[in-house]
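Please look over the sequence and the model shown here. The questions that follow take up charged pairs, a sheet and the covering of some helices.

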Amino acid sequence: MSTMATENAFKHILTSLPKPGGGEFGKYYSLTALNDPRTDRLPYSVRILLESAIRNCDNFQVTKNDVEKILDWENTSPKQVEIPFKPARVILQDFTGVPAVVDLASMRDGIKRLGGDPNKINPLVPVDLVVDHSVQVDVARSENALLANMEFEFNRNRERFAFLKWGSSAFENMLVVPPGSGIVHQVNLEYLGRVVFNTNGLLYPDSVVGTDSHTTMIDGLGVAGWGVGGIEAEAAMLGQPMSMVLPGVVGFKLTGTLNNGVTATDLVLTVTQILRKHGVVGKFVEFYGDGMGELSLADRATIANMSPEYGATMGFFPVDHVTLQYLRLTGRSEETVKMIETYLRANKMFVDYNEPQIERTYSSYLELDLKSVLPCISGPKRPHDRVTLKEMKADWHACLDNKVGFKGFAILKEKQEKVVKFTYNGAPAELRHGDVVIAAITSCTNTSNPNVMLGAGLVAKKACELGLEVKPWIKTSLAPGSGVVTKYLKQSGLDKYLDQQGFQLVGYGCTTCIGNSGDLHESVSSAIAENDIVASAVLSGNRNFEGRVHPLTRANYLASPPLVVAYALAGTVDIDFETEPIGTGKDGKKVYFRDIWPSNEEIAEVVQSAVLPDMFKKTYETITKGNPMWNQLPVPTGTLYTWDPTSTYIHDPPYFKEMTMTPPGPHSVKDAYCLLNLGDSITTDHISPAGNIQKDSPAAKYLMERGVDRKDFNSYGSRRGNDEIMARGTFANIRLVNKLLNGEVGPKTIHIPTGEKLSVYDAAMRYKSAGQDTIVLAGAEYGSGSSRDWAAKGPMLQGVKAVISKSFERIHRSNLVGMGIIPLCFKSGEDAESLGLTGHERYTINVPNDITQLKPGQDITVTTDTGKSFTCVARFDTQVELEYFNHAGILPYVMRQLVGDQK
């Protein structure tokens with residue numbers, strides 16, 4: 001493959017970057033030296049794509065024509081043209097990182113079987129893996145919660161952790177940040193983000209893809225980064241260019257300043273709603289305008305973090321003085337900051353708001369006056385369903401009335417005032433609809449932001465002083481994204497007030513935001529389940545899909561950390577903070593929201609005195625040294641992994657077992673049965689849940705047959721290194737709505753030939769053993785949510801050959817292609833219902849058996865055994881994706897290339 005590459009076609013623009021005091025920082029590919037006026041009008045985010053294409057232009061993986069397409073972005077971006085992109089590095093978290101390392105280990109075995117060199121399978125770019133997804137809130141409201149939860153975490157995950165530790169020494173270029181260090185995106189922001197790379201004297205912008213959809217948080221630092229599936233990330237690690245459609249860029253102008261009492265979280269929830277409405281799927285959003293100076297870097301990172309929730313590939317903030325200030329605050333050296341500024345200024349990638357701005361061209365324009373943002377939360381089931389605090393009580397009552405849906409629970413009028421009395425730890429307690437049972441300060445979205453974290457501390461302090469306290473049965477927790485947060489909370493003296501209100505430190509990791517909320521107290525669980533109470537969780541996270549946060553909280557609201565504390569104190573979401581008291585103080589006086597809410601000045605004052613550069617330095621100096629539990633893990637040696645056949649965590653996957661050097665070619669689908677008939681907004685949580693393994697599920701049966709106790713099931717997310725469990729966990733979400741079941745909710749389906757109701761996995765295996773193909777029918781936005789490669793690997797292992805939907809989420813569609821599944825879209829205005837499809841038909845999809853007969857976005861005819869015929873668009877969006885389809889997936893393609901190279 002590499003033999004076809006030639007020297008760089010742009011070596012004539014390689015330029016020296018002088019140091020201000022003499023000498024040089026290194027060489028760089030100068031965009032100015034192109035002498036092309038089009039570069040000045042390009043959005044900053046597109047300039048990063050341009051520089052990468054120029055630097056990697058070998059006329060094979062990246063061609064001069066690709067560079068021209070990017071230069072001509074104004075004309076080419078509306079045309080859905082394809083470009084290659086080679087990110088500077090890859091970032092992983094452990095849920096998605098374990099299967100990636102499993103695949104790499106399995107590829108080494110596979111390459112050996114094909115007669116190649118296993119050591120060819122090595123990351124060619126820096127790979128950082130942060131272990132943050134495994135800690136659960138087993139223990140809360142206790143001063144030893146941190147240590148207790150970490151012990152539980154290590155006991156459950158010892159095998160996975162040892163495997164990752166093996167990977168960090170077996171593979172070159174791989175750094176593993178041990179458990180208990182922080183959340184991947186916050187560690188990326190505060191420590192791993194380079195902003196500008198200097199590799200052997202060559203300077204270039206930092207860019208990153210990550211196996212977590214919130215990788216976009218780094219866009220707040222002016223680093224281009226976004227989430228991809230694990231499958232794409234593995235290919236990027238192995239030096240494959242990522243094929244992407246050159247995106248449109250929405251220019252989002254910010255003006256004015258935020259009002260007193262309004263937080264960055266209120267702003268991001270507002271921005272999310274605006275962008276959702278505008279429609280930004282597959283696009284970059286680039287922020288600019290005078291309002292930028294008013295936003296701290298942490299505020300920008302909060303907005304960038306939620307790109308997946310508004311649907312954009314990136315929410316990008318170009319580097320300016322605020323970025324440089326943050327780099328200094330977080331302990332980056334003065335020399336590094338100088339190099340970053342000099343390089344970006346020289347290469348027209350730095351924004352200086354003190355200079356007149358050149359008008360850049362955007363695909364579309366939006367504007368927001370920061371003054372117009374109101375305090376708000378989002379929910380009860382989707383991140384973009386924003387509700388202002390003013391309207392919250394009325395909205396809650398409407399949700400109780402409305403029929404079951406994103407904004408409805410269908411609770412009968414006469415049952416809405418129901419009070420359930422129960423006993424909690426020997427004391428009387430009660431629950432109503434809307435009562436808060438989980439209040440969690442969690443998630444990288446907000447815990448990276450000192451303003452809202454210290455704001456939460458101030459709310460707790462005022463509440464303590466007025467004599468308010470959180471009810472003991474509410475599960476409160478504090479799980480910051482880095483050790484720095486603990487240091488500045490201590491420095492400010494606010495930690496003791498959070499402790500007093502039950503927000504003790506439970507761990508450094510994602511916790512409640514990804515469903516690792518741990519069990520509720522038995523008495524609370526019974527009170528909810530036996531009385532059909534719509535209980536609430538309030539969390540400072542970024543996702544609140546039903547069934548994600550906790551199986552028993554049907555209403556889940558996203559809120560800023562200070563609002564999480566306020567709702568915990570109120571004990572319910574059924575409250576109008578303007579007119580109703582939060583509680584009664586120690587002097588018998590009613591205490592209102594306004595009495596405990598800090599002003600912006602109060603918060604700024606504490607931030608100024610409590611957040612210090614030294615805290616970042618001290619935290620990150622020790623980060624890779626690990627902790628005693630990590631350091632004591634015994635680890636196998638050797639470059640090939642010794643698979644343990646009895647392991648229920650790490651299993652050698654079947655993908656490369658039967659592989660030969662000849663690509664299998666495209667596959668048609670013949671007389672397939674419909675495995676599932678699904679509606680709109682099916683998320684990757686529905687397809688491949690990350691949370692608890694239900695006791696009567698196929699995965700539970702598999703574990704019990706292997707002697708695993710129910711208490712040791714752990715979560716699906718933690719068992720992603722075992723394909724046997726993940727195939728059984730596919731479509732195992734308890735909230736799955738499958739139209740074949742006529743209104744019944746749950747992870748079941750009808751086996752069409754017999755009419756039997758089975759678990760989805762059992763039905764799939766019955767089809768598979770009979771040699772019958774299956775397909776999935778779906779509505780709009782199929783695969784939205786986390787960038788979860790198991791949502792594509794699982795269906796492939798279940799024997800699904802195609803998914804026919806109204807539309808796909810970006811990452812999920814490319815993951816399906818990566819696993820050899822055909823993504824088909826109904827024609828505009830059509831869907832399963834309008835075509836009269838019930839899912840009881842048999843489907844034939846005729847695909848040409850010669851790959852050269854297929855074109856990106858080609859029309860394909862689907863016929864059924866009932867005589868229906870309709871046309872779909874085959875969503876192979878690029879030539880490279882067709883190549884993957886020809887090879888039955890991206891990883892077999894890469895392996896054949898690597899073995900071919902050696903020969």
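Helices (H or I, at least four residues) and strands (E, at least two) are DSSP runs, numbered from the N terminus. This is a predicted model, in which local features need pLDDT of at least 70 and side-chain atom pairs count only at pLDDT 80 or more, while totals for chains, interfaces and linings use all residues. Residues are numbered from 1 along each chain as its sequence is written, and side-chain values use heavy atoms, with hydrogens and water left out.

Q: Which residue with a positive phi follows α8?
A: Helix α8 spans residues 230-237. The residue that follows α8 has a phi near 85 degrees, and this residue is Gly239.

Q: How many of the residues of helix α8 are buried?
A: A residue is called buried when its relative accessible area is under 20%, exposed when over 50%, and partly exposed in between (1.4 Å probe, protein chains only). Among the buried residues of α8 are Gly230, Glu232, Glu234 and Met237. The helix is mostly covered, and the number of buried residues is eight of eight.

Q: Is Thr39 buried or exposed?
A: Thr39 belongs to helix α1, residues 38-41. Leaving aside residues up to four places away in sequence, Thr39 touches Leu31, Leu34, Arg47, Leu50 and Leu71, where contact means heavy atoms within 4.5 Å. Because its relative accessible area is 6%, Thr39 counts as buried.

Q: How many salt bridges does the rule count?
A: A salt bridge is taken here as a side-chain nitrogen of Lys or Arg within 4 Å of a carboxyl oxygen of Asp or Glu. Some of these charged residues are joined in a network, which links Asp36, Arg38, Glu68 and Asp72. By this rule, the count of salt bridges is 54.

Q: How far apart are the closest N and O atoms of Glu7 and Lys11?
A: Glu7 is exposed, with 55% relative accessibility, whereas Lys11 is partly exposed at 49%. The two residues form a salt bridge, and their closest N and O atoms are separated by 3.1 Å.

Q: By about how much of helix α27 are Glu724 and Arg728 separated?
A: The side chains of Glu724 and Arg728 meet in a salt bridge at 3.0 Å, N to O. Glu724 is partly exposed at 26%, while Arg728 is buried at 14%. Because the two residues stand four apart in α27 (residues 723-728), their separation is about one helical turn.

Q: How many residues apart in sequence are the parts that Asp831 and Lys806 tie together?
A: The side chains of Asp831 and Lys806 meet in a salt bridge of 3.8 Å, N to O. Asp831 lies in the loop between β31 (822-826) and β32 (842-845), and Lys806 in the loop between β30 (800-805) and α30 (810-818), so the parts tied together by this pair are 25 residues apart in sequence.

Q: Which strands stand at the edges of the open sheet of five strands?
A: The order of this sheet is β6-β5-β4-β9-β10, with parallel pairing, and two strands pair if DSSP finds at least two bridges between them. The strands with a single partner each have one side left without a neighbour in the sheet, and they are β6 (174-177) and β10 (224-227).

Q: Which residue of β6 is the bridge partner of Asp128?
A: Strand β5 (residues 127-130) pairs with β6 in the parallel sense over four bridges. In β6, the bridge partner of Asp128 is Leu175.
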